[in-house]
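Me: Hi! I've got a model open here and would like to talk through how its parts hold together. Could you take a look with me?

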Amino acid sequence: MKITRISVFQVDLPLEHPYWLSAGRLKFEVLDATLVKVETDAGITGWGEGTPWGHTYVPAHGPGIRAGIQTMAPFVLGLDPRCVLEVERAMDLALPGHLYTKSPIDMACWDIAGQAAGLPIADLMGGGSRTPRPIASSVGAKTVEETREVMERYRQRGYVAHSVKIGGDVARDIARVRDVESIRRDGEIVLYDVNRGWTRQQALRVMRACEDLNVMFEQPCETLDDIAAISGKHAAPVSVDETLVTLQDAARIARDGLAEIFGIKLNRVGGLTKAARMRDIALAHGIDMFVMATGGSVLADTEALHLAATIPDANCHAVWACQDMLTIDIAGGRGPRNIDGHLHLPEAPGLGVHPEEEALGDPVAVYS
Ligand code: MG
């Protein structure tokens with residue numbers, strides 16, 4: 001089987017509510033999504049998606065994905081998409097680094113491989129758990145009142161896991177953490193996501209002030225060096241997200257004991273093939289995981305769900321469904337959707353959901 005054509009589509013995905021990170025430092029209103037259709041000489045078509053969280057969240061942006069695909073396409077055409085490692089190496093050779101540009105093609109190849117094998121991607125990767133995965137909400141708010149309001153909105157849709165965005169102001173962050181803990185229900189999973197918003201000193205002040213609560217903080221500081229510098233000076237469990245990009249990052253975090261949780265975002269780390277290795281490093285070191293797309297439609301959510309299904313139930317805390325934050329749906333309601341705050345693995349071969357192509361408009365580029 002050979003890849004014969006790669007079509008690239010661009011879609012704007014507006015967010016239902018403006019979204020804030022780092023206590024208002026970063027605002028997001030629309031996501032720039034790239035959808036990729038990979039066709040083969042066997043008549044099997046695979047779809048991939050790469051949707052960074054705007055342009056300012058991490059070094060990844062929509063136009064960069066499309067430029068990366070333009071560079072890599074000649075190296076990928078003609079390869080067997082079922083040989084995902086060969087496709088991965090071809091992309092790495094054609095364009096070192098720039099991992100986020102590689103995830104859409106990697107995803108489409110897994111989709112094709114799954115369809116060819118007659119298996120959902122998670123089963124093709126070695127076996128997918130059918131235990132529904134809790135969806136973590138994304139509570140982007142600034143004040144105590146707004147935080148309660150957004151959390152309640154998610155609770156009404158069945159959510160039992162929450163990622164509460166903090167960072168930027170020590171006193172306000174302590175107040176928000178304490179308030180959320182005071183209304184936290186039995187069985188609710190809450191992660192306090194700083195999104196790099198604290199200096200080392202700010203991190204230590206909040207983490208120590210909340211020590212009696214035994215709560216988990218994600219990406220408290222900008223770099224792994226920062227996280228290493230405060231490690232051992234506080235008692236809080238830490239999740240690493242934005243600075244978990246390469247396999248070398250994963251190895252360092254595991255070796256040096258910098259985190260208890262990996263926040264694996266598939267677009268950022270370069271797709272399922274690369275993320276599966278991070279999963280294994282995590283499992284080998286007793287590190288649990290949250291798995292997410294970086295953003296995007298139900299396609300990106302479904303890709304994350306497949307990886308999450310290959311993690312033992314006890315080690316996978318939650319997934320994320322960005323689809324719930326968008327005003328448009330490119331798949332006409334198909335694919336895994338929020339059922340009582342959980343996503344269920346699709347049983348169809350491959351990814352298990354494709355977009356409605358008419359909803360994407362004309363391709364912005366076609367390589368053949
Ligand atoms: Mg995060």
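Me: How many salt bridges are there between domain 1 and domain 2?
Reply: The count between the two domains is three salt bridges. Keep in mind that this is a predicted model.

Me: Which residue does glutamate 88 form a salt bridge with?
Reply: Its partner is arginine 277, with the closest N and O atoms 2.9 Å apart. Glu88 and Arg277 also belong to a network of salt bridges that links them with Asp92, Lys102 and Lys274.

Me: Is aspartate 179 buried or exposed?
Reply: Buried: aspartate 179 has a relative accessible area of 16%, which is under the 20% cut-off. Arginine 148 counts as partly exposed, because its relative accessibility is 38%.

Me: Which residue pairs with arginine 178?
Reply: That's aspartate 212, and the closest N and O atoms of this salt bridge are 2.6 Å apart. The two are 34 residues apart, with arginine 178 in helix α6 and aspartate 212 in the loop between α7 (200-209) and β7 (216-218). Aspartate 212 counts as exposed at 57% relative accessibility, while arginine 178 is partly exposed at 35%.

Me: What about arginine 196, which side chain does that one meet?
Reply: The side chain of glutamate 222, in a salt bridge of 3.3 Å from N to O. Arginine 196 sits in the loop between β6 (189-193) and α7, and glutamate 222 in the loop between β7 and α8 (224-230), so this pair ties together parts that are 26 residues apart in sequence. Arginine 196 is buried, with a relative accessible area of 14%, and glutamate 222 is partly exposed at 41%.

Me: New topic: strand β4. Why is β4 called largely enclosed?
Reply: Because eight of the eight residues of β4 (residues 133-140) are buried, the strand is largely enclosed by the rest of the structure.

Me: Which strands does β4 pair with?
Reply: One is β5 (residues 161-165), paired in the parallel sense over five bridges; in that pairing valine 139 stands opposite valine 164. Another is β11 (residues 316-320), also parallel, joined to β4 by two bridges, and there isoleucine 135 has valine 319 as its bridge partner. Then there's β12 (residues 342-343), antiparallel to β4 over two bridges, where arginine 133 is partnered with leucine 343.

Me: What kind of unit do β4, helix α5 and β5 make?
Reply: A right-handed β-α-β unit, with α5 spanning residues 144-156.

Notes. Residues numbered from 1 in each chain as written. Predicted model: local features only at pLDDT ≥ 70, side-chain atom pairs only at ≥ 80, totals over all residues. Heavy atoms only, no water. Buried < 20%, exposed > 50% of the residue type's maximum accessible area, 1.4 Å probe, protein only. Helix = DSSP H or I, 4+ residues; strand = E, 2+ residues; numbered from the N terminus. Pairing = 2+ DSSP bridges. Right-handed = clockwise from strand over helix to strand, strands pointing away. Salt bridge = Lys/Arg side-chain N within 4 Å of Asp/Glu carboxyl O.
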